[in-house]
Amino acid sequence: MLNAIEDRQQQIVNYLKVHQFARVIDLIELVNYSEATVKRDLVLLEQSGLIRRTRGGAMIVDNKKIDVPYLMKVTRLNEEDNKQYIANVAETLIKDDMVIFLDSSTTSLHLVKNLSRFDGLQIITNGVLTAAMLSEFTTAHVSVLGGSIVPKRATINGSKAYNDILTYNADLAIIGCRGLDFDHGLTETHEGEALIKKAFRRQANHLVVLATSDKLDHKYMYQGVSCYEIDYLITDKPLESDKMEKLNQHHIKCLY
């Protein structure tokens, strides 16, 4: 659960994501705290790269580029029916006794309870909370990658985690993404996260990408996995014919 400060800051971020800009006085009314408290929150949120302070108020940074603190995302899991739908489809690709790479994305988190239906799974993850939930809700043998935890993201990435992945071989790698471009593949805003995707792909027989429709047709700074390396794309809505044609060209099977 979020503490009072995190809950207040989440309210501010959510409000700005909807309205793009707000005056300090609007935010004071929103969270029912003093002006000094709200201004301190805005300083911290700006330092986190989530917002930009302006004269008399604040504005959201480009919604598609901000990295909302992980616990803020996790508190909204029960509201994300589209991601649970994707997880339910992904379940159809899983069988007893598989070895699976599962990344730290919140889309992958929705899959955890589905995995409780399987026996003999061995799961390797770079997600700290993912590992805890797997341990709580499944009978899988869970391994966590070595390395440093990225602040406010409950994920482990970078060169140590990359090298650790290379010591495993998996049947499936199941991953989310920041963006999927139908020509270039998966891209990320963090270099370490892109590196994890590359290693998972390298050591797995098949790669499954879980992507809500708002992730499609977006490209970010760091290249993760190319289109030709993807075996399955699972999304929440049917794709237009031109996008399906692109997937067919890359031999990607689309499920929804």
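This is a tutorial dialogue on reading some features of a predicted model.

User: What should I know about the model before I start?

Analyst: The model is predicted, so local features need pLDDT of at least 70 and side-chain atom pairs count only at pLDDT 80 or more, while totals for chains, interfaces and linings use all residues. Residues are numbered from 1 along each chain as its sequence is written, and side-chain values use heavy atoms, with hydrogens and water left out.

User: Happy with that. How many aromatic pairs are there?

Analyst: A pair of aromatic rings is described by the distance of the centres and the angle of the planes. Rings of Phe, Tyr and Trp (its six-membered ring) pair if their centres lie within 6.5 Å; planes under 30 degrees apart count as stacked, over 60 as edge-to-face and the rest as tilted. By this rule there is 1 aromatic pair. Its members are Phe-101 and Phe-200, which are stacked at 4.7 Å centre to centre with 20 degrees between the planes.

User: Which parts of the chain does the pair link?

Analyst: Distant ones: Phe-101 belongs to strand 4 (residues 99-102) and Phe-200 to helix 9 (residues 191-203), 99 residues apart. Helices (H or I, at least four residues) and strands (E, at least two) are DSSP runs, numbered from the N terminus. Both Phe-101 and Phe-200 are buried; buried means under 20% relative accessible area, exposed over 50%, and partly exposed in between (1.4 Å probe, protein chains only).

User: Which charged residues lie over rings?

Analyst: A charge sits over a ring if NZ of Lys or CZ of Arg is within 6 Å of the ring centre and within 35 degrees of the ring normal. Arg-8 lies over the face of Tyr-33, 4.4 Å from the ring centre. The charged end of Lys-113 sits over the Phe-137 ring, at 4.8 Å from its centre.

User: How many bridges hold each pairing?

Analyst: Strand 10 and strand 11 pair over 3 bridges, and Asp-181 has Gly-185 in strand 11 as its bridge partner. These two strands form a hairpin with 3 residues between them. Strand 11 (residues 185-188) is joined to strand 13 by 2 bridges, with Glu-188 partnered by Tyr-222.

User: Is Arg-201 buried or exposed, and what does its side chain reach?

Analyst: Arg-201, in helix 9, is buried, with a relative accessible area of 13%. A polar contact is a pair of N or O atoms within 3.5 Å; within protein, one must be able to donate a hydrogen and the other to accept it, and residues adjacent in sequence count only if both atoms are side-chain atoms. The Arg-201 side chain reaches the backbone oxygen of Glu-229 at 2.6 Å and joins the side chain of Asp-231 in a polar contact of 3.0 Å.

User: Where is Asp-103, and what are its polar contacts?

Analyst: Asp-103 lies in the loop between strand 4 and helix 6 (106-109) and counts as buried at 0% relative accessibility. Its side chain makes a polar contact with the side chain of Ser-108 (2.6 Å) and reaches the backbone nitrogen of Gly-176 at 2.9 Å. Contact means heavy atoms within 4.5 Å; leaving aside neighbours within four places in sequence, the contacts of Asp-103 include Thr-125, Lys-197 and Phe-200.

User: Why do the buried residues of helix 7 line one face?

Analyst: An α-helix has 3.6 residues a turn, so residues three or four places apart point the same way. In helix 7 (residues 128-137), Thr-130, Ala-131, Met-133 and Leu-134 are buried. Down the axis, the buried residues fall within an arc of 165 degrees (taken from the directions from the helix axis to the C-beta atoms), so they line one face of helix 7. Ser-135 and Glu-136 are exposed on the other side.

Note on methods. Two strands pair if DSSP finds at least two bridges between them.
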